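Here are my notes on this one, for you to read alongside the model.

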Amino acid sequence: MTGTAQQKRLFIKTYGCQMNVYDSERMADVLAPLGYGVTDQPDDADLVVLNTCHIRERATEKVYSELGKIKELREARQEAGGGRMTIAVAGCVAQAEGEEIMRRQPAVDLVVGPQAYHQLPELIARAHRARGERLAADFAAEDKFDALPATRNPGGVTAFLTVQEGCDKFCTFCVVPYTRGAEWSRPVDKIVDEAKALADKGVREVTLLGQNVNAYDGDGGPDGKGLAGLVRKLAKIPGLDRIRYTTSHPRDMDEALIAAHAELPELMPYLHLPVQSGSDKILKAMNRGHTAEAYLKLIEKIRAARPDIAMSCDFIVGFPGERDSDFEATLNLVREVGYASSFSFKYSRRPGTPAAAMPGQIAEEVKDERLARLNALIDEQQRAFNAAQVGKVLPVLFEKKGRHPGQLNGRSPYLQAVHAEGPDHLIGQIVPVRIEAAAKMSLGGVLETAPA
Ligand code: SAH
Ligand code: SF4
Ligand code: F3S
């Protein structure tokens with residue numbers, strides 16, 4: 001070999017939110033100089049990383065069953081005379097219950113929390129020496145970002161970019177403040193550099209990520225403070241034509257950010273703004289810090305600034321103490337807002353969170369029934385929103401080839417998946433598409449102007 005490290009195979013499985021997707025990419029970046037190349041096959045991987053999510057009990061339990069399977073793959077590989085397979089657990093389960101993971105599944109070689117990915121090379125070396133600490137779960141987002149390599153291989157026309165991490169809101173149901181630590185914002189110039197590098201590699205759309213992305217408090221100088229200032233700065237980067245951000249908290253949706261939606265064509269008209277419940281009693285018990293009416297007023301303001309904005313939301317059904325009337329209030333709020341898409345979850349009791357100890361825990365059957373009713377309403381709204389696009393011409397950013405030959409897949413400004421027939425060279429371009437068909441999850445259309 002000519003000086004390059006021997007190629008090793010890295011398999012990463014990602015659970016949970018977009019921030020984990022970003023983190024997985026960055027772990028691959030950290031490991032690339034050690035000779036690790038990403039594979040989508042776990043059976044012959046030299047290093048398997050499970051990037052885990054702790055948000056609900058189901059998500060956490062999945063990790064343990066997956067670890068059982070990976071352990072079997074490792075044994076099969078060893079019996080076949082293959083090399084050693086190192087097993088790592090990363091992400092929010094690693095942070096929340098690292099010791100327990102090692103105890104419950106001794107095959108795990110190392111555990112690394114979300115703030116410690118830059119320590120991966122050292123942790124792997126220690127695991128191979130079978131000496132030293134194999135668990136890293138400290139809370140210093142700053143060190144992580146400083147230590148990450150400046151280059152990224154986005155491998156597509158859209159990319160995630162973490163700008164803020166952690167949460168100080170302490171909603172009573174949620175583990176995130178415990179797994180991701182306190183709110184922390186990356187400096188503006190670091191983000192701008194990363195965004196420019198992405199644009200240079202052909203990225204046309206970035207989604208800015210944060211557990212509370214609109215609590216971003218970096219200073220963009222003349223462009224302004226906070227997320228609005230950052231977006232204004234990023235909008236000037238040549239080639240970067242679309243900017244999105246997620247997830248926002250209603251309490252941090254300030255005037256400047258709302259104004260940015262009115263002013264900046266680069267800021268896409270789609271906003272994920274979770275409310276969780278439409279009942280003031282439940283919102284209070286959740287410690288969300290606002291009423292249903294305040295949320296509705298906020299949406300009115302946002303729609304005044306950007307009338308075509310598509311709203312999306314998260315809901316929890318069956319929070320402790322939720323009566324039928326509270327649940328009805330949630331349905332009413334959904335009817336009043338009219339969402340383009342939404343996610344709904346049955347309340348999951350998370351150890352260590354205040355809500356887990358609250359009286360009035362709701363029976364599983366009641367949660368099931370409420371979830372089904374809420375989902376039916378959400379589906380209906382999503383179909384209606386998609387159907388309303390038929391006959392319109394939407395600018396579509398084509399991202400990749402579609403399932404059928406000659407077909408391309410892209411996204412509308414409202415984050416809808418759109419497919420249309422067109423030549424491959426349109427991938428990475430924003431093209432007008434006349435929408436002809438709508439389903440629950442996607443739109444179909446034809447190119448409005450014949451491609452050159
Ligand atoms: N920071 C974001 C959301 C993070 S978690 C926000 O504040 O909106 C993503 C979603 O998971 C939440 O919006 C909530 O709807 C859901 N969730 C969080 N904890 C949960 C729990 N214990 N049970 C059920 N759903 C939960
Ligand atoms: Fe969790 Fe609430 Fe923080 Fe969102 S704002 S991450 S739901 S504690
Ligand atoms: Fe899950 Fe952690 Fe994201 S708990 S939702 S992976 S912040």
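Predicted model: local features only at pLDDT ≥ 70, side-chain atom pairs only at ≥ 80, totals over all residues.

1. Start with Arg 77: this residue is buried, at a relative accessible area of 7%. (Buried is under 20% relative accessible area, exposed is over 50%, and partly exposed is in between, using a 1.4 Å probe and protein chains only.) Arg 77 sits in helix α2, residues 57–79; helices are DSSP runs of H or I with at least four residues, strands are E runs of at least two, and both are numbered from the N terminus.

2. What does the Arg 77 side chain make a polar contact with? That would be the side chain of Asp 46, at 3.1 Å. (A polar contact is a pair of N or O atoms within 3.5 Å; within protein, one must be able to donate a hydrogen and the other to accept it, and residues adjacent in sequence count only if both atoms are side-chain atoms.)

3. Now helix α8, residues 226–234: seven of its nine residues are buried, so the rest of the structure largely encloses it. Those buried residues pack against α7, β10, β11 and α9, where contact means heavy atoms within 4.5 Å.

4. Residues are numbered from 1 along each chain as its sequence is written, chains are lettered from A and ligands numbered from 1 in the order written, and side-chain values use heavy atoms, leaving out hydrogens and water.
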